[in-house]
Amino acid sequence: MRYTRTLLQILIIGCLATGFLSSCGGDDPDTPETKAKRTVLIYMCAENSLNSFYDGDSTEIVRGAANLPDDVNLMVYADRSSKTVKPFIAKVEKDGMHIVKQYKEDWYSTDKEKMSDIISWTFSKYPADSYAMTFWGHGNGWIMVPDANTTNPSTKVNARRKAYGWDSGKDNPDGGDGNEKFINIPTLAEVLSKTEHLDYIFFDCCQMMCAELAYELRNVCDYIIGSPAEIPGYGAPYDHVVPDFFLAKDNVGKAIVDDYINYSDLSAYGGLPLSVVKTSNMDNLLHATQSAIDTVMVHYQYPNNLPVYDVIYYGKNPYSHSRPVFYDLRNVMRKYLSESDFVKWDETFQQTVVYSVHPADIIDTSRPDWMSNELLSYNFKEFKMNDENYGGLSMFIPQTYYSNVNSKYLNPNVSIKAFQWNKGIDWTKFGWE
């Protein structure tokens, strides 16, 4: 999910974008003789409701590349909602975005094989000492729902794990052909495991900073950067964050987070939570959390719910009957562990979530508490957003009421079992089958 700008803003941005895209005349460039220091691929899946934001963000990307050194590669793959503009790969130079590979047909950019081919082609044609990726588009964390417009949309057999993408269909400028195709997190991990190892992944998508995702991707990249909550439709301020893409990998996450906050217009909101995960410590965090959950849940055997009504959560997902599913992991541990147990657990957490920021605890009732979809009217005054409670990484907590979701959707208590993190926690020990 992302949010919308006004029509006037979109028209202005679209006009500014004109002239930044050109063709090099070929679609199979010679491989450079020398390696770059880093190749970064921005994967822009825009054949959906975010298509109107593509022009603005592509303009910002070009602006951000104006002062990049010559020994780096900034690449863009873009798939738009258009009958005439087919998917392409472009190299961003100081003078604009130049197409280096123009595809002649449209497809679902969330298809596993297509995504793998695109990433592999880019990295092989633009080799470097290191690689990284930004995923631009919709995100929905680990949530699992059926694909739209299948033979029977309510049939759970047709389910797939929504994670990244939302490709609405081929050759349709008005929102696609009704088939909404995402790539699920385990499949995304499979795709990335077959490419070059990544210094980092920056998810400019909603709700992707969850323990389930970070653990699934722990072996394909060194850092994951993003928000556990929803983000604005216009996304990151790319004119400011693009230079951050080429910093030393240990410094990239903090720089992106700080520039995202400092240069985004969040004045209508309380702010935006963002965080950075060091993936090499995800196993340690899982083991520490396993032990902590064992301590806590001994008092909450099924069907007794762990009370989390006052814990920080990041949106109520319509696919879970508008119930919270993304609970702040650190806030859960803070609430239920003893002080000594929490301090021990938190040491591991801080080594894993190496940087995070959050909006202030908002008491001004005249505006929303913090960045969210205003159409869904979330009440974030149910909890305290402060340094003591906030962690910036969400985790699913099973609840009996998830079993009552509309039959069109899936029971999160069941669908969460597809993820390795959940298998490690093993809620079945406490009666959650």
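Student: What is the bridge partner of Arg38 in strand 6?

Tutor: In strand 6, Arg38 has Ser130 as its bridge partner. The model is predicted, with local features needing pLDDT of at least 70 and side-chain atom pairs pLDDT 80 or more, while totals for chains, interfaces and linings use all residues. Residues are numbered from 1 along each chain as its sequence is written, and side-chain values use heavy atoms, leaving out hydrogens and water.

Student: Why are strand 2 and strand 6 called paired?

Tutor: Two strands pair if DSSP finds at least two bridges between them. Strand 2 (residues 36-46) and strand 6 have eight bridges, in the parallel sense, so they pair. Strand 6 also pairs in the parallel sense with strand 12 (residues 198-204), over five bridges. There, Thr134 stands opposite Phe202.

Student: What makes strand 6 mostly covered?

Tutor: Buried means under 20% relative accessible area (exposed is over 50%, partly exposed in between, with a 1.4 Å probe and protein chains only). Eight of the nine residues of strand 6 (residues 128-136) are buried.

Student: What makes a set of residues a nonpolar core?

Tutor: Its members are buried Ala, Val, Leu, Ile, Met, Phe, Trp, Tyr and Cys residues, joined through side-chain atoms within 4.5 Å. The largest such core has 85 residues, and Phe135 and Trp345 are among those with the most contacts inside it. Helix 8 (residues 282-297) gives the largest share of this core, eight residues. A second, separate core has 44 residues, including Leu74 and Phe246.

Notes. Helices (H or I, at least four residues) and strands (E, at least two) are DSSP runs, numbered from the N terminus.
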